[in-house]
Structure formats: structure tokens, C-alpha cells
Amino acid sequence: MVDKENQLDEQQLLDELLKKHKAGTLKASDRYAIPPQPMPQQDSVKRRSNVNEVALGYTETQARLEALRCLQCKNAPCVEGCPVRIKIKDFIAEIVDGNFKKALDIIKENSLLPAVCGRVCPQEVQCQLPCTVGKKFKDVDKAVSIGRLERFVADWGAKFHDGSIPKVTGRTNKKVAVIGSGPGGIVVATDVKRAGHDVTVFEAFHKTGGVMVYGIPEFRLPKAIVQQEIDQLKAMGVNIVCNFVVGRTKTIKQLMEEDGFDAVYIGVGAGLPMFMNIEGEHLVGVYSANEYLTRANLMKAYQFGKGADTPIAMSKKVAVIGGGNVAMDSARTAVRLGAEKVYLVYRRSEKEMPARVEEVHHAKEEGIEFHLLRNPKRILGNSEGIVTAIECLKYELGEPDASGRRRPVPIPGSEFTIDVDTVVVAIGNGANPLIGQTTPGLNLNKWGNIIVDENCKTSLDGVYAGGDIVLGAATVILAMGQGRTAAAAINEYLKGK
Amino acid sequence: MSHKLLSKKQLCLDVYVADIEAPLVAAAAKPGQFVIVCLKGAYSERIPLTIAGSDAKKGTIRLIWQAVGKSTAELSEMRVGEKVENVLGPLGKPTHIEKFGTVICVGGGIGNAPLLPIATAMKKAGNKVISILGARTKDLLILEDDFKTISDELIIVTDDGSYGKKALVTQPLEEICQQMPKPALVVAIGPAIMMKFCCAVTKKYDVPTTVSLNTIMIDGTGMCGGCRVEVGGQTKFVCVDGPEFDGHKVNFDLMMKRMQAYKKQEAQAMEEYKKQHKCRIGLDG
């Protein structure tokens, strides 16, 4: 009943505001007075035992109310904060007027994956950070929820408007190979196909989508959404070849010289998990986050014995090491796999955590215990080589380091142990060596990442790269942004050929 | 792309050989490499299997496997003409082949399968190849004829003495290592425990030894780290750094423990599978 009353109140408020808006009498003070619309979400107790999406998305009324909070600033600082420069205030203005299709078209001019980005982009450090409304309240959480609005529009499109397939201009008979079917690869494939080139996407896994299917869990990004994007690529006529690992099945040189590809985009992701190099890391029950999440997401290990054949540890007590989104995803996955206790161990304080505030918040709601300013010194096991506990050291924050964050310093003699049967190491990824080792002439930096110029061109002619294999660990949107740049450069390069 | 089974044969108790259509893998495969097979659907297990041979012209690879779990049992029950949905490869670094002199190839059980293309390549490169093949009992010995063809000398041992000499592979290995000149290289592939003891012997005589590891893995491209082993005190990934390593540096004890990680769940899956399927293993060829 309360909900219904709320909805009535919301509707009433919206009607009043729209009346003023149409009459041209809506003032900034009216907009500031609109309460920031909360994201409806699945109950935190219920969701512990399912993998369904946690954030449920705005209703139409909520979306329009939230959109009305936007001041339509002339200088649009939000656009500067967006890696792909979506015309944010324009699409928000269309939401206010209920023109959701128009809003979607505006977003799609710059971003191909709004349903994905609306869900997983760290808006609070991008478009929402410079938002004037957030600045007014001196609280970024009170900025206009651009991400939620983007998601609303994308989901509306998927529901009511059968995905329009981007137009492909006449065929050029030039061939482009895209290595990796993650967010960057999807963007490059779309943009290059639009220009009329033949495109083949090579994926090493047996399923497409890259980090969006093996890494980011269902409860944060439903796999059906990723599949829609892949289906769209297929509908455009992009070839997709799974089970093909470039560097081993064929090298880049072979693709270009034997198979006649005129250009190549490398978007293989980072893909080499880092470990802490401490005692006990080889014990049974110690996972990289990549392995843990791949088993759970890609192979659906949570349905082991019920249609899925890949097992995963049946954990009671899990410690996840790290403070990023991947650490949160791992911890929240452990909860859903039935763990009774899940600890998150991070060597700095919450302020320094690279994870999104929303993910940290969700993790806490789901009962994950945070051990901050703590870091494992070693992992302890029994005679069968199975994890029994982690021994941690307490830390304090010292002087800022190269990243600008205060360096964590261990406190001598502060050791303590936490009993666990599973440890998930989520401290980042190095560069996968496969492409580098098998592509002579491809320049890499000292960490093994591919060196590119401002057009994402590598040291080899016709070979471009972007995303994590260039940037180190980054985000979906940054990979997409580089994909855009690379695709434009590839299209330009092929004009001259 | 799916991959048709062109032939299938039972080699012994629960060991099978099949030629599978996989033209891309066949064109690129080199001795020492492996594939990941995923039988059907999106949620089948990804099974790493070594390549026992390949024919680039025919576009086929030869796989030899032992039905030890649900997925390998399912593969064993497939019939000629049926298709495997996913084959990824070739994976791993190829074996370093050159003329070393005398190369001892030690194979145990199913390890003979990946060993054969390596021994063949070593022979082709001008090495004197002495093969030592071990099995628990005569019926479990595989690929004897193939090794006979490519080896300068072939020594067979069985645990129970039912065929060849009653011994473990380490015994003839040690005898050869004691001779002068010492062999230039030992390649040992088989159960972890066998490789461990082979390495203990060859270390004593300071004979370089290569082993090929078959740890648990998922993607096979360096992404998951599930296959990690400790080599010379450092963490190495079998899929991209291996599968071959300097046997004297491998921490076999750790590796053997890690390979037990899913024992319980695997047994449970196998149990369920047997209940649901009328098992034909051992009944057809």
C-alpha cells in the first residue's frame, strides 16, 4: 500500500512539474527540490540466494522526475566527464518530454552499448562527478543519476522498440579482423562494419562477450543484454568465430598475409591474473578472481550437477583480497554460491577503494564483512593442501604513493588469523603474453601492454589495439572509447588502400 | 564450427582414441601442444586434452583420453559421425625440438599419447630415441607399436610383470643414466607421481629432464590461473608458460594436491551420470 501511495505521490509531483515545464515557469529551485530518485532494487536478503539482477531500473515516472532534476547547463560539464562524449543533456531533455526513442537515438550516436554502460560505468567519477546539481549539494551522490537514466532509455528500447540495426554502407571488399569479443571489440566491429568492410570477430572462449560474460556477474549485468549486442552484430553481417585464439590458432601475420585481412584490431583484454606471491597461494581453495568468476559466470558453476559440468568450491567461509569492482563481484558471487561468511580484505581504507560506491554499498547490504587496512601475509593449509585460514597483518596509511593514494604500511607484530576455506585473489591483471610473443615487431611497454599512438595504432601498419591490453586494467567504457577511436582510424586507413 | 568424430577406438580398459575434424588446429599443431574440448552446449566442461597426432592435409587431430570423469565418459560414448561442439587450440608452447644426441622418452599410462609426437619429432631431428613405456599391467599399455616404429630402442615395464620387465619406469631410466655417455635429455610424461620420481632419478645423474604437466584449467589462454604450478619457486601457468617445464624445478607435491581440488564433486558428477545413462564404456569399439 505504501508503495502505491508513493507512486501516486510521484505521479502527482511529475504532473505538476511537467505543467510548469510546459508553461516555461519551471525554475532551478523547483528542480533542486525534486528528491533524487532512488534505484529500485531486489531485497538484500532475498537476493543473497539468487543471481538475478540487483538494481531493477527506474519506472517511467521516476525516470522523468530524475530527468527534471537536470538543469540543462549551457556548458554541460557532464559531457566532459564522459569518455565517449554522449550528448547527455540532450538525451535527458528528451526523457523529460517522454520521447524515449529520441533519447535512445541521441545516446547511440556516441555509445553503442547503453544498456551495458548504464549498468557498469563508474558514473560517479565520470559524467556525474562534475554535475552542477551534485556540486550544488556538495555531494556527488545527489548529482543527476545519468547512468540510471541511460539504462532506463536502453531498457525501454529493448522492450518497446525492436533494436534498430545500424545501417551498413556499400561493401568495400576490405577485410578487418577484430580479436576479442569484449566491449571494445563489439564497438570496433560495429563501426568498421558500418563503413562497409567485411568484419570477422575472433573469440578464444566458446562464448562471445569477453569480460561482460566471464567476469561481470549476472546480478550486475544480465547476460541476455550482452547477447542482444552480439545478435545485433550478427544481424549486421559480422562474422563471429569462437574457439579461435589468435597467436596460437593463427598469428596476426598469418591473418594478414594468408587470409587477406587488411587491418586488425587487438582487443584481447588484460587476461593474466596477478597473485600476491605469498606462502600458501598454491593451496586448494585459492582462486584468482578470474577463475572464480569464470567458473561461476561463464560456466554457470552455481548450477553444477543441474545442467552445468564445471565445479566450484562449495565454500563456507571465503576471504576475497582486493578493493576493486572485481573484488566486490567475487565476494557477492561467493554469497550467492552459499557461503556463510564472506570477508573482504583490503590493504587501504574504504576511501581508497577503487570499487564503485554502489557496489561497496550492495556488498555491505548483502552481509559481506569488510576487513580494511588488513592484508594477508600468508595462507595456511592442512596436510591435504587445503586452505584453512589466512594470516593477515594490520596496516596504517603513510605518505601518498605514485597513484596519489596514501601508501599502506604494515604494522609489525600485528598478525592475526581468519579461518576460511576459500581465498579469492582480486588484485588485478597483468598483460596476457600470447599476442606479444607471437607478433614480431609489435612494440610493448615494460609491463607487456601494447604501445599505441593517439589513434590506437600500434607499431605495425594496419594493426590497432585498445582496452585493457593497452591501458592495463580499465573499464568497459574506456575500452569502448578506444574502440571508437581505433575504428575511425581503421576506416581512414582503409580509404587509402 | 563443430567437429565430427571420424574414427573412434577403444585402446584399453577406459582409454580411447579418436580422429576429430579440426582443420585449423591440425594446420597449426606442433608436438607438445594441447587442445580444450567442450562437448556440447554452453555449460559443458572445458576439458584440456593433449594432441596425440595431427594431419594437416586431412584437417584432423588425434585425441587419446581416459574416461576418468563425467565429461571424458561422455566423450567416450560418442559415436563416429557425431560432433564435438568446441575445439580450441593448439594451446601451449610447442616442444623445443633439436638434435640433442640420445633422448630418453619415458611414458606412463595415458602419457604415451602426448609423448608419441614428441618422440617422433625427436627421432626426425636426428636423435637416438630410447623409449621406456610403463603400465600397471599388460592390458593397459597403449601405443606400443607406434613407439616400436620410431624408437631406436624400446623398453617395456609393467608393475605386475605381466608384460616386459616387472619394474617401474624409473628402474631402466636409472640404468641408462648410469651409462656413459649420459643421455642428453629425458622427456617424461605420465602421472604426476611418475614424473616426480623420474625427475628424482635424473637429477641424481644431472640429466636434463622435460616434463609435460596436465593440471586443472579452464580457458587455456592464461586468463584464469587455475593451472598454476610452482616452478623454481615461481608461479607459472601451464597453459601459456608450459605445458613443458624443467622437471627438476617443478614442485610436484603441490601440483598433485592441487589436482585433487574437485575430487568430491567429480565423483558426484560421475555417479549421477552413471545413474542417468546406460553406460556403454567398455562395450563398444
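This is a predicted model: local features need pLDDT of at least 70, side-chain atom pairs count only at pLDDT 80 or more; totals for chains, interfaces and linings use all residues.
Residues are numbered from 1 along each chain as its sequence is written, and chains are lettered from A in the order in which they are written. Local features need pLDDT of at least 70, side-chain atom pairs count only at pLDDT 80 or more, totals for chains, interfaces and linings use all residues, and side-chain values use heavy atoms, without hydrogens and water.

Biologist: In what order do the five strands of the open sheet in chain A lie?

Modeller: Strands here are DSSP runs of E with at least two residues, and helices are runs of H or I with at least four, numbered from the N terminus; two strands pair if DSSP finds at least two bridges between them. The pairing in this sheet is parallel, and its edge strands, β3 (239-241) and β16 (463-465) of chain A, each pair on one side only. The order in chain A is β3-β2-β1-β4-β16.

Biologist: Which residue of chain A forms a salt bridge with Lys70(B)?

Modeller: A salt bridge is a side-chain nitrogen of Lys or Arg within 4 Å of a carboxyl oxygen of Asp or Glu, and the rule finds one across the interface of chain B and chain A. With the closest N and O atoms 2.7 Å apart, the partner of Lys70(B) is Asp309(A).
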